[in-house]
Amino acid sequence: PLAATFEDRHVMVSTTLSKAILRVAADKATRTLTDVHYFPSYEIITGNFNKCGYFEDDLRSVKPAGVAHVMSLFMRHGTTVTEDAEMLRMIANDNEIFCAEEALAIDPDTGNG
């Protein structure tokens, strides 16, 4: 979820809108480009069947188990080349992934920096 919004509305409304816009764009790309496929990592993590099991206590950060599950599924169903698989394993294990919202130190409860 987004941590803050510059819009005059609750951050959860902006979060839902942003995800919907991105999903529509992804769907359009998969329908119009023959070499593009959509992998539902977002849906795997956020699906209600997980009972928020892949989120940390802050309900924003994804637990390593969630990342591992998504990457495992992607490796099994979305890759064919060994070099690609090794690169994705390295990315999945990288603990230094940068998040701009974290750099701004935004409070997820208030949206204030």
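A: A residue is called buried if its relative accessible area is under 20%, exposed if it is over 50%, and partly exposed in between, with a 1.4 Å probe and protein chains only. The structure is a predicted model, in which local features need pLDDT of at least 70 and side-chain atom pairs count only at pLDDT 80 or more, while totals for chains, interfaces and linings use all residues. Residues are numbered from 1 along each chain as its sequence is written, and side-chain values use heavy atoms, with hydrogens and water left out.

Q: Why is F39 called partly exposed?
A: F39 has a relative accessible area of 22%. That value lies between 20% and 50%, and therefore F39 is partly exposed. F74 is also partly exposed, because its relative accessible area is 23%.

Q: What makes F39 and F74 an aromatic pair, and which kind of pair is it?
A: Rings of Phe, Tyr and Trp (its six-membered ring) pair if their centres lie within 6.5 Å; planes under 30 degrees apart count as stacked, over 60 as edge-to-face and the rest as tilted. A search of the whole structure finds one such pair. The centres of F39 and F74 are 5.1 Å apart and their planes are 80 degrees apart, so the pair is edge-to-face. The pair links distant parts of the chain, with F39 in the loop between α1 (11–32) and α2 (41–46) and F74 in helix α3 (residues 64–78), 35 residues apart.

Q: How many helices does the chain have, and what counts as a helix?
A: Helices (H or I, at least four residues) and strands (E, at least two) are DSSP runs, numbered from the N terminus. By this rule the chain has five helices and zero strands.

Q: How do you know what span to expect of α3?
A: The expected span of a helix is 1.5 Å times one less than its number of residues. Helix α3 has 15 residues, so 21 Å is expected; the helix reaches 20 Å from its first C-alpha to its last, which is close to that value.

Q: What makes I44, I45, Y54, F55, V70 and L73 a nonpolar core?
A: A nonpolar core is a set of buried Ala, Val, Leu, Ile, Met, Phe, Trp, Tyr and Cys residues joined through side-chain atoms within 4.5 Å. These six residues form the largest such core, and the elements that give two or more residues to it are α2 and α3. In α3, the buried residues include V70 and L73.

Q: Which residues does I45 touch, and what counts as a contact?
A: Contact means heavy atoms within 4.5 Å. Leaving aside residues up to four places away in sequence, I45 touches N50, Y54, F55, V62, G66 and V70.

Q: What makes the phi of C52 worth noting?
A: Most residues other than glycine have a negative phi. C52 is not a glycine, yet its phi is positive, about 60 degrees. C52 lies in the loop between α2 and α3, where L59 is also found. The phi of L59 is likewise positive, near 60 degrees.
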